[in-house]
Amino acid sequence: MADHRSFEDLVAEGAAVPTEGWDFSWFEGRASEARPSWGYARSAGERLARAEAALDIQTGGGEVLDFALSRAEPDRPRLIAATEGWPPNVAKATALLRPRGAVVVAAPDDAPLPFADGVFDLVLSRHPVHPHWEEIARVLRPGGTYFAQHVGPASVFELVEYFLGPQPEAVRSGRDPERERAAAQAAGLEVVDLRAERLRMEFHDIAAVVHFLRKVVWMVPGFTVEAYEPRLRALHERIEKEGPFVTHSARHLFDVRKPSH
C-alpha cells in the first residue's frame with residue numbers, strides 16, 4: 001500500500017474493486033480481522049470428510065466451501081449442494097465448485113430451501129443473513145448436524161455508528177446468540193455447542209473502508225461515496241493522523257444436532 005495517497009485516489013480505488021464473492025484477499029495489507037479460535041473452514045472440512053450428503057446455505061462465491069472440501073479430500077460427500085441468492089455469486093460459486101462435484105442452486109435467502117425433507121446429514125453455513133431453523137431442521141436427516149459460523153450482535157458497530165450515529169438497542173442486540181439458541185430449540189434441534197467471540201478489526205486506509213461498505217451492504221444500507229463523502233473525508237484525515245480505525249467483529253459458532261427420533 002502506498003503511503004499518503006490522496007483521498008480522491010484512495011476512494012476511487014475502493015469504489016472500483018469488484019464486490020462479487022467472499023474472497024477478501026484484496027484487503028491484505030490495508031485491513032485486518034482477527035479470526036475466531038475455532039477455525040470454522042478447517043473444522044467444516046473435518047465434518048465434510050465424515051458426511052454422506054452435505055448442504056452449504058448462502059455459499060457466497062463458494063470460497064469457504066471450496067476450501068473446506070479441499071480439506072476433506074479424498075473423503076468428500078457423495079452429494080454436495082449449495083444455495084446462493086445473488087446472481088453474480090451463483091455464477092462465481094458454480095464455476096468454483098463444479099470441479100468439486102457440488103451443485104449450486106439459485107435460491108433467495110428468505111425462501112424455503114429447495115430440497116426434500118431429510119436429505120442431508122450435514123448442513124453448513126458461514127455468516128447466513130438469518131438462520132431459518134425450521135427449514136434447517138426439515139432438510140436434516142435424524143441425527144444430522146448443522147455446523148455454522150454466524151455474525152453476532154453489534155458486529156463492526158464502531159464503524160457502523162461512525163456513519164449512522166448511535167443505533168437503537170434493538171438494532172445493537174440483533175443476532176443475539178442466545179435468542180438464536182432458543183429459536184433452534186423451538187424448531188426441535190439440540191444445541192450441542194455454542195461459542196461466541198469478539199475480534200479486533202483494523203482499517204488502514206479509506207479505500208478499505210469504502211470497499212468493505214460496498215461489499216457488506218447491510219452495514220450502512222444505501223452506502224455510496226457521494227452520500228457519505230464528508231464523513232469519509234474526515235475518517236481519511238483521522239486515519240492519516242492517528243493510524244488505523246479499530247472496530248470489532250462478533251462471531252459465534254453453532255454445532256446443532258437433529259435428534260434421531
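Select helix α3, residues 63-72, where seven of the ten residues are buried; these are Glu63, Val64, Leu65, Asp66, Ala68, Leu69 and Ala72. Here, buried means under 20% relative accessible area, exposed means over 50%, and partly exposed lies in between, with a 1.4 Å probe and protein chains only. Helices (H or I, at least four residues) and strands (E, at least two) are DSSP runs, numbered from the N terminus. The model is predicted, so local features need pLDDT of at least 70 and side-chain atom pairs count only at pLDDT 80 or more, while totals for chains, interfaces and linings use all residues. Residues are numbered from 1 along each chain as its sequence is written, and side-chain values use heavy atoms, with hydrogens and water left out.

**Around helix α3**

Next, display what covers the buried residues of α3: α2 (40-48), β2 (53-57), β3 (79-84), α4 (87-97) and β5 are included. Then move to the loop between α3 and β3, where proline 74 is found. The peptide bond that joins glutamate 73 to proline 74 is cis, with omega near 0 degrees.

Glutamine 58 is not a glycine, yet its phi is positive, about 55 degrees. Most residues other than glycine have a negative phi, and most peptide bonds are trans. Is glutamine 58 buried or exposed? Glutamine 58 counts as buried because its relative accessible area is 10%.

**Alanine 82 in strand β3**

Select alanine 82, which is found in strand β3. Its relative accessibility is 0%, and therefore alanine 82 counts as buried. Which residues are in contact with alanine 82, leaving aside its neighbours within four places in sequence? They are Leu55, Asp56, Thr59, Leu65, Leu97, Val103, Val104 and Val105, where contact means heavy atoms within 4.5 Å. Draw a distance between the C-alpha atoms of alanine 82 and valine 104: these residues are 22 apart along the chain, and the separation is 4.7 Å.

**Serine 125 in strand β5**

Strand β5 covers residues 120-126, and serine 125 is found in it. Serine 125 counts as buried because its relative accessibility is 1%. Not counting residues up to four places away in sequence, serine 125 touches Tyr40, Asp56, Ile57, Tyr146, Phe147, Ala148 and Gln149. Show its side chain, which reaches the backbone oxygen of isoleucine 57 at 2.9 Å.

**Valine 156 and helix α6**

Continue to the loop between β6 (140-151) and α6 (157-164), where valine 156 lies. The phi of valine 156 is near 60 degrees, a positive value in a residue other than glycine. Valine 156 has a relative accessible area of 2%, so it is buried.

Now colour the buried residues of α6, namely Phe157, Leu159, Val160, Tyr162 and Phe163. What do the buried residues of α6 pack against? They pack against α7 (169-172), β7 (190-203), α9 (206-215), α10 (229-242) and β8. Glycine 165 follows α6 and has a positive phi, near 80 degrees.

**Aspartate 255 in strand β8**

Select aspartate 255 in strand β8, which covers residues 245-257. With a relative accessibility of 14%, aspartate 255 counts as buried. Its contacts, leaving aside neighbours within four places in sequence, are Arg47, Thr145, Tyr146, Phe147, Glu190, Val191, Val192 and Asp193.

**The whole protein**

Finally, zoom out and show the entire chain as a cartoon. The protein has ten helices and eight strands. Its radius of gyration is 19 Å, close to the 18 Å that the globule rule gives for 261 residues, so the protein is as compact as a globular protein of that length. The radius is taken over C-alpha atoms, and the rule is 2.2 Å times the number of residues to the power 0.38. The C-alpha atoms fill a box of roughly 60 × 40 × 30 Å along the principal axes.

Buried residues make up 49% of the 261 residues. Among contacts with a separation of 6 or more, 75% are between residues 24 or more positions apart.

How values were computed: A polar contact is a pair of N or O atoms within 3.5 Å; within protein, one must be able to donate a hydrogen and the other to accept it, and residues adjacent in sequence count only if both atoms are side-chain atoms.
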